[in-house]
Amino acid sequence: MTTTSTSPGAVAAVGPTITDRLVRHVAGTGFGDIDGGTIGRAKVRLIDSLGNIAAGHRAQGSDGVVHLAARWGGASESTVLTHGLRVPAQTAALANAVMMRSYDFEPISAEGPDGMQIAAHISGTTVPVALAVAEQQGASGRELLTALVLGDDVASRLAVASGFDVYGGQDNTGTVNGLGGTAVAGRLMGLDAFQLRHAFGIVENQLAGTVASIVDQSLAFKLPMAFAARNAIVSAELAQLGFTGPVDAVGGRHGFLDMYCTDPVPERIIHRLGEEFYGDCVIKPWSACRASHPSLDACVRLASDERLDLAEVEAVRIHVTPRTLAGFVGQPFAIGDCPEVSGAFSIRFTAATALMYGTVRPEHLTLAHMQDPRLAALLEKIELVGSLPPHEVLTAEVELTLQDGAVLRQRVDQPRGDIHASPLSEAEILDKYFANVDFGGVVTRSDAERAIEIIHDLESCEDITALVGLFAGKQP
């Protein structure tokens with residue numbers, strides 16, 4: 001039972017707070033309480049995440065972050081993947097999260113009750129935290145999976161309860177991820193409910209993130225989820241040492257719902273808590289912002305049309321909602337100082353690339369492709385039109401007008417990758433994973449295949465060191 005002060009010296013009994021219920025959920029739920037489908041989904045997110053980290057090895061800024069981590073030094077606890085550097089767990093988690101976020105290719109879209117979803121990128125924090133702390137603690141695969149499922153569940157529930165609006169200015173990869181990551185770290189470190197409650201309160205002091213980093217197409221867009229990973233581990237460690245924090249970090253006065261949310265719906269946080277487990281529910285087929293995926297999917301379909309000859313294209317009209325057009329993905333494309341960011345967050349660029357290659361992957365977020373004269377010629381023909389109804393946020397229509405007057409059209413109402421509505425096949429997920437590994441150029445094919453075998457049977461793995469070692473690469 002919790003208490004609240006009503007006047008000096010007076011204490012009144014009240015029911016458990018939202019934070020109390022969440023920390024009991026995290027501390028008290030065992031692997032056996034989690035259904036097999038949820039465990040299977042967590043394994044898929046882990047596989048996809050490792051592939052994205054492998055690709056992120058080559059991304060702009062990654063070497064700098066790793067060199068900074070080496071300069072910081074510290075205890076040899078956890079591995080910076082693809083580099084082999086061993087550093088404190090919080091530093092490894094930060095560096096791995098930066099690499100994972102680099103090409104905007106990681107799992108996304110938090111789910112909640114009644115099939116609702118909200119824009120989120122939870123796995124980009126929770127997976128790096130789980131790997132780093134599991135290695136630090138010598139945890140088993142079963143313990144890693146349990147912690148990851150519970151942390152993802154917490155973050156998803158907070159995300160769908162928050163009333164978050166991606167166009168509102170806040171970046172929730174630095175808010176809900178901080179709390180979800182703390183759940184992961186705390187569980188793996190063996191914190192009890194009392195300590196977890198204080199860990200949540202401590203990390204609440206470190207929640208932040210602005211969409212301005214994306215609007216301005218800067219490398220800082222990678223940092224909120226990376227800071228969340230670092231801060232989650234530090235907060236759990238401080239709580240373990242006895243530091244205390246606000247008692248109701250989620251629902252209390254000046255708590256998460258009060259400070260970081262617009263029109264929150266608190267009951268979504270506790271709906272069927274312990275009975276249903278939520279997480280990111282989209283495995284991206286394309287290396288680009290999800291807001292560009294409907295038009296990208298339409299262009300992929302058009303690229304496979306035998307009638308299409310890009311040399312014969314006169315004009316490309318892409319119909320989206322007015323809000324999408326006015327948002328960061330609707331901006332004119334320019335290579336800028338951070339090409340990867342400029343490309344991943346541009347409908348024009350991703351549509352043109354999809355028409356050329358039938359896909360958008362990390363190898364297309366490079367100067368070599370962006371400076372291709374054929375791309376430049378195609379970009380000049382693209383027009384975005386804000387003509388769709390406001391509620392069709394994941395819809396796009398693409399019209400290609402050919403020189404002979406013929407018009408090719410495609411409409412997409414549900415972009416690919418949603419595990420409930422339009423899932424990728426297992427073969428497609430593995431194709432993405434191996435393509436990312438190959439692009440990264442550090443992890444061998446045989447090691448990548450062995451990692452899949454370990455993850456498929458992760459609950460039987462006594463120590464996750466072998467898995468981490470397959471993605472360690474060579475120490476600089």
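**A hairpin and a helix crossing**

Strand E10 (residues 396-402) and strand E11 (residues 407-412) run antiparallel and are joined by six bridges; strands count as paired if DSSP finds at least two bridges between them. This is a predicted model, where local features need pLDDT of at least 70, side-chain atom pairs count only at pLDDT 80 or more, and totals for chains, interfaces and linings use all residues. Residues are numbered from 1 along each chain as its sequence is written, and side-chain values use heavy atoms, leaving out hydrogens and water.

**The hairpin**
- Glu397 has Arg411 in E11 as its bridge partner.
- Four residues lie between strands E10 and E11, and Gly405 in this hairpin takes a positive phi near 95°.

**Helix H6**
- Helix H6 (residues 141-161) has 21 residues and spans 30 Å from first C-alpha to last, close to the 30 Å expected at 1.5 Å a residue.
- In H6, 19 of the 21 residues are buried (under 20% relative accessible area, with a 1.4 Å probe and protein chains only).
- Gly163 follows H6 and has a positive phi, near 70°.

**Where H2 meets H6**
- Helix H2 (residues 36-56) packs against H6 at an angle of about 90°, with the axes 10 Å apart; axes are lines fitted to C-alpha atoms over the stretch in contact, and angles run from 0 to 180 degrees between N-to-C directions.
- The two helices, H2 and H6, are therefore roughly perpendicular (65 to 115 degrees).
- Thr38, Ile39, Ala42, Lys43, Arg45 and Leu46 of H2 are in contact with Leu144, Leu145, Leu148, Val149 and Asp152 of H6 (heavy atoms within 4.5 Å).
- The residues of this H2 and H6 contact comprise seven nonpolar, one polar and three charged.

Key: The expected span of a helix is 1.5 Å times one less than its number of residues. Buried means under 20% relative accessible area, exposed over 50%, partly exposed in between (1.4 Å probe, protein chains only). Angles under 35 degrees count as roughly parallel, over 145 as roughly antiparallel, 65 to 115 as roughly perpendicular and the rest as oblique. Ala, Val, Leu, Ile, Met, Phe, Trp, Tyr, Cys and Pro count as nonpolar, Asp, Glu, Lys and Arg as charged, and the others, Gly among them, as polar.
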